[in-house]
Amino acid sequence: MERIFRWKRDGDIGVVTFGAEGEAMNTWSDQAFADFNEVVDGLDREPGLTGAIIISGKPDNFLAGANLRQLSQLTDRKEAGRVIGQFHDSFDRLASLKIPTVAAVHGYCLGGGLEFALAATAIIAREAPTTLIGLPECNVGLFPGGGGTQRLPRRIGYKAIDLILKADMLPARKALELGIIDRLVGAEADLLAAAGAFLKEIVSGTAQLKRPSFDFSDVDQAIEKARQGVLAAGRGRLLPGPKGAIDSIREGLKVGLAQGLAIERENFITAVLTNEAKGSINSFFLKSQSDKPKAMITKGFTPRPPGKIAVLGLGTMGRGIIVDILRNTDLSVLAVDLPEALSSGKEGIAKILADLDQKKQLKQPVALLLARLEVTPEYEKCAPCDLVIEAVFENLELKENIYRLLSGIVSPEAILASNTSSLSINRMAAYVKNPERFAGLHFFSPVWRMQLVEIVRGEGTSRDTLDNLLAFAAQLRKRPLVCKDYPGFVVNALLFPYFVAALEYVEAGTPIEEVDGAMLDFGMPVGPIRLIDNVGIDVPYKVLQGWGREQRTLKQVVGSGRLGLKKSGQGFFLADGRVDPGVLPLIERKEGGKVAGEEIAVRLHAEMVKAGKALLDQGIVDDARQIDIGMIWGAGFPADKGGPMKWADLTGLSGSLFGGDFYRG
């Protein structure tokens, strides 16, 4: 087996190179640690060495840290202690070498990679776009457990606290300014030669390394301020990863480095074994899986780029879709609606763009973006469009009229896509002249913030159409979820049973505030009743009606004219956030009583999981990961739980309900 770490002598300097053959990224593994320790043994024994350089053999990657798959599979403290102990033992050996060492960094130097470099005498880095330096572990449910919570604060002081808790990844120059690295060289410089020259300065005593001594006597106050920031960002939740970082920094900086590292190690073992850590790591892998829509396109297929796009309907969804097309592409957009809707529709688009511009989220001035938008009441102008996205009111008769009209206007090669959230793609395909060129393209509101788009394959939808829509999703920087036609598709198929179960608790006597509060504590961004109010109370009511289900409370609330605070000015809530007393008499009362929040969360999560199992059983999607991608990025399901299907596995719910796990590899 080829060694990952190896070294050779160059004069009186040892040059350590590392890199696993066939792996894009350098990460720590059992073999990497074993090889590194052999290298340290060799450096220790070699006579006449004055120093050593450590440099990656990969062109754009120093070391990206731990193997997350290995960490996610840990199940007991003994094995977790062995794994994290490798980091501590190896990095301590590096720090204790009798000769000075220089870590020569290019590319990603993250997590266990930076912790490794911090154990060297000094760090030199190449300034290049690919050089990123930081400790991102809190983003994946963990915290720096290889010495990061101890060595980084001792290197740069309290500034390390925010870097660790916010999981910031810094360009090389910013890392130099903060004192994380000691020397910077240009993108075209010979890094190895520069590291050798730097090492000679260290050996001769002329390098002038800045190692200030910090007073950590007020660490309790500093860490409490940071803790409050984490609570605010996490809507009152303190997850095991950030908690472990906070505890390690607070207690570790009160004692010596060796004791601080021991504290960090025990806290890391506790954090890595939690379900939240495993869920967060799963979400990290789901993010990587869904980051590249083009990878989902059929191999060898060349997408046909649209020259012009039409969007039908200037309501909330139509405006959002247009905004995303204008800001993420160079395409021209034709917006079609009734004459009386054109002016307000365009003004609404301009307002959204202005808000995005104020937040510095646009690459071009608003005026230039709006110059690519034409609004018209004339459907005939859709004739030259390559893609037409229908986003009109959810009325099947209206959509039938529009599709029959469009079929006589657009080219047979044009793709027609419906943004419907509740109507059947297969049923609407009957109104389309070329059903192979028709699919669902379901965006989520607000479109410019929500990353998910559901691409819905009807019975007649061709693979070419799906591939072209995947390419379009990539242009819009969306995460596409491909599924077959099904009531509610994927996300709403899970959300509507969740809504019904939440309303049943309210009907049985649990206050709305407590039902919503249970799911906020669970980690959802809004409670189920608040979400119903936000999307429009009539939406789930009509969808459930279409599914042959009648929900009495929704019927009575909608019948009273309450369609939601945003939609009609009245719903379940008042403008100040309180429950509207006027809605309480409209709730269908049933026998029951108040229920504890934890029981509510378990039941509502179970309703999602049952709906997800039905999707898998009927082949609407073929992998539980697709459901979890949809719910995390389409409904805000908490990333630390890894998606409803993964969380069911982690908590044993999938086993108790169905006798086995959804994730089997």
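**Helix packing, a buried arginine and cysteines**

Reply: Helix 12 (residues 275-290) packs against helix 26 (residues 624-635) with the axes 10 Å apart and at an angle of about 95°. Helices here are DSSP runs of H or I with at least four residues, numbered from the N terminus. This is a predicted model, in which local features need pLDDT of at least 70, side-chain atom pairs count only at pLDDT 80 or more, and totals for chains, interfaces and linings use all residues. Residues are numbered from 1 along each chain as its sequence is written, and side-chain values use heavy atoms, leaving out hydrogens and water.

Me: How is helix 12 oriented relative to helix 26?

Reply: The angle between the two helices is about 95°. Angles of 65 to 115 degrees count as roughly perpendicular. Helix 12 is therefore, relative to helix 26, roughly perpendicular.

Me: Which side chain of opposite charge is nearest to Arg437?

Reply: Arg437 lies in the loop between helix 17 (425-429) and strand 16 (438-443), and is buried (under 20% relative accessible area, 1.4 Å probe, protein chains only). Arg437 has no salt bridge, which requires a side-chain nitrogen of Lys or Arg within 4 Å of a carboxyl oxygen of Asp or Glu. At 4.3 Å, the nearest side chain of opposite charge is Glu413.

Me: How many disulfides does a search of the whole structure find?

Reply: A disulfide is a pair of cysteine sulfur atoms within 2.5 Å. The sulfur of Cys138 is 17 Å from the closest cysteine sulfur, in Cys109, and so is too far for a bond. Searching the whole structure, the number of disulfides found is zero.

Note on methods: Buried means under 20% relative accessible area, exposed over 50%, partly exposed in between (1.4 Å probe, protein chains only). Lys and Arg count as positive and Asp and Glu as negative; His and the chain ends are not counted. Axes are lines fitted to C-alpha atoms, for helices over the stretch in contact, and angles run from 0 to 180 degrees between N-to-C directions. Angles under 35 degrees count as roughly parallel, over 145 as roughly antiparallel, 65 to 115 as roughly perpendicular and the rest as oblique.
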